Amino acid sequence: MATIIGGIGTTHVPAIGSAIAKGLQQEAYWKPFFDGLKPAHAWLAANRPDAVVVIYNDHGLNFFLDKLPTFAVGAAAEYRHADEGWGLPVSRPFPGDPAFSWHLIESLVADEFDVTSCQEMLVDHAFTIPLALLWPGTDARPVITVPIEINTVQHPLPSPARCLKLGQAIGRAIASYARDMKVLVVGSGGLSHQLDGTRAGFINKEFDIMCLQQLVHQPEALTHYTIPQLVELAGSQGVELLNWIVMRGALTGEVSKIHSNYHIPISNTASALLVLNNRAVAPETEYRKVG
Amino acid sequence: MTNSQQIPGTTIFNGTEAEKGLALNKMCFSFNSADNRAEFLRDQDAYCAKFGLTAEQSAAVKARDVLAMIAAGGNVYYLAKLAGIFGLNVQDIGAQQTGMSVEAFKAKLKEARR
């Protein structure tokens with residue numbers, strides 16, 4: 001059976017892609033951010049996932065407002081990045097696994113999450129940058145991927161409570177896959193930032209730090225916020241926290257924190273990294289607890 | 001949530017905004033293509049007309065005025081593609097919207113460390 005080995009939350013600021021392309025990782029501006037990834041690399045090297053499910057939000061590469069799903073799941077053999085319009089280098093394609101994707105889609109719909117399935121799906125920087133950060137410099141990334149896209153642009157957005165439940169359903173879907181493989185779930189984006197309006201540049205360190213703490217053991221604490229409250233506390237684009245909440249929901253075993261990093265600012269954003277280990281709880285153990 | 005329940009300096013991009021901004025956002029979405037960016041740069045008015053922008057939207061684009069674009073229904077995910085054509089990144093447009101110099105805007109971001 002497939003097992004969920006852990007979850008990683010990471011910022012996906014486009015400028016990171018340009019910094020990688022220019023090799024700026026050790027420059028003063030970037031060093032605190034890139035050095036913060038080293039424990040994540042060590043954990044990945046020790047745990048070696050076979051597949052990565054990336055929870056992210058499209059910024060107008062694959063989806064437009066003419067037809068905009070709330071939740072979309074990729075079901076392609078390959079996911080391509082493309083020109084996003086403002087000069088980010090185009091990443092090489094990422095391998096998919098349609099059989100795994102369709103299992104996830106069937107399980108999610110059976111679990112009352114009526115997702116949009118996508119046999120063709122361009123993936124934008126919110127998908128490519130986390131993978132570039134977690135597997136730097138590798139031509140062939142050692143994993144198959146499944147993109148799961150969450151609407152964070154067109155209100156109404158799914159609530160934090162709904163996103164945690166989606167994550168739990170994704171967790172059940174992965175754990176019920178018959179193939180033996182180790183799966184990592186990535187939540188992309190955030191933390192607090194706002195690009196638009198006279199409130200542009202808004203960052204909320206106190207709220208971010210609280211979220212990083214609660215995501216480890218008490219993600220339910222974040223489900224009490226409404227979307228307008230999240231916009232107010234995290235900024236218009238800080239609502240990408242939803243992707244992290246979905247990621248955390250998928251970790252259905254015993255969760256422990258391996259590492260976190262928080263650095264202000266990267267571009268307009270409070271950047272963050274959170275590495276969580278998930279120790280699958282065997283069904284027998286669950287029965288014993290009930291008994 | 002309606003925009004009558006306002007968060008200061010923030011537009012919630014709801015159905016009303018999306019409906020108002022469709023033509024502008026659709027034009028910006030087209031800028032994922034290099035050919036379309038080149039066509040826009042050759043004749044900006046013609047390109048705005050082709051997408052049916054309102055007078056308010058066209059004027060905002062012409063003035064490169066991000067707050068006016070947002071007031072006309074623009075969403076920053078798509079507007080960023082237009083800003084990119086003009087060589088403006090999110091710090092440049094942050095500075096523009098807050099009426100600060102880019103250096104002052106960057107300093108404000110650093111201040112959030114405290």
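Two strands pair if DSSP finds at least two bridges between them. Helices (H or I, at least four residues) and strands (E, at least two) are DSSP runs, numbered from the N terminus. This is a predicted model: local features need pLDDT of at least 70, side-chain atom pairs count only at pLDDT 80 or more, and totals for chains, interfaces and linings use all residues. Residues are numbered from 1 along each chain as its sequence is written, while chains are lettered from A and ligands numbered from 1 in the order in which they are written.

**The sheet of chain A**
- In chain A, 8 strands make an open, mixed sheet in the order 6-3-7-2-8-1-10-9.
- Strand 6 (116–118) and strand 9 (254–266) of chain A are the edges; each has a single partner strand, so one side of each lacks a neighbour in the sheet.
- From one strand to the next, the twist averages 20° (axes are lines fitted to C-alpha atoms, for helices over the stretch in contact; angles run from 0 to 180 degrees between N-to-C directions).
- Strand 3 (residues 71–74) of chain A runs parallel to strand 6 of chain A, with 3 bridges.
- A:Gly74 has A:Cys118, in strand 6 of chain A, as its bridge partner.

**The contact between chains**
- Chain B gives 37 residues and chain A gives 32 residues to the contact (C-beta atoms, placed from the backbone, lie within 7 Å).
- On the side of chain B that touches chain A, helix 6 (76–85) of chain B is among the helices that each supply at least two residues.
- Helix 6 of chain B gives the most to that side, with 6 residues.

Note on methods. Two residues are in contact if their C-beta atoms, placed from the backbone, lie within 7 Å.
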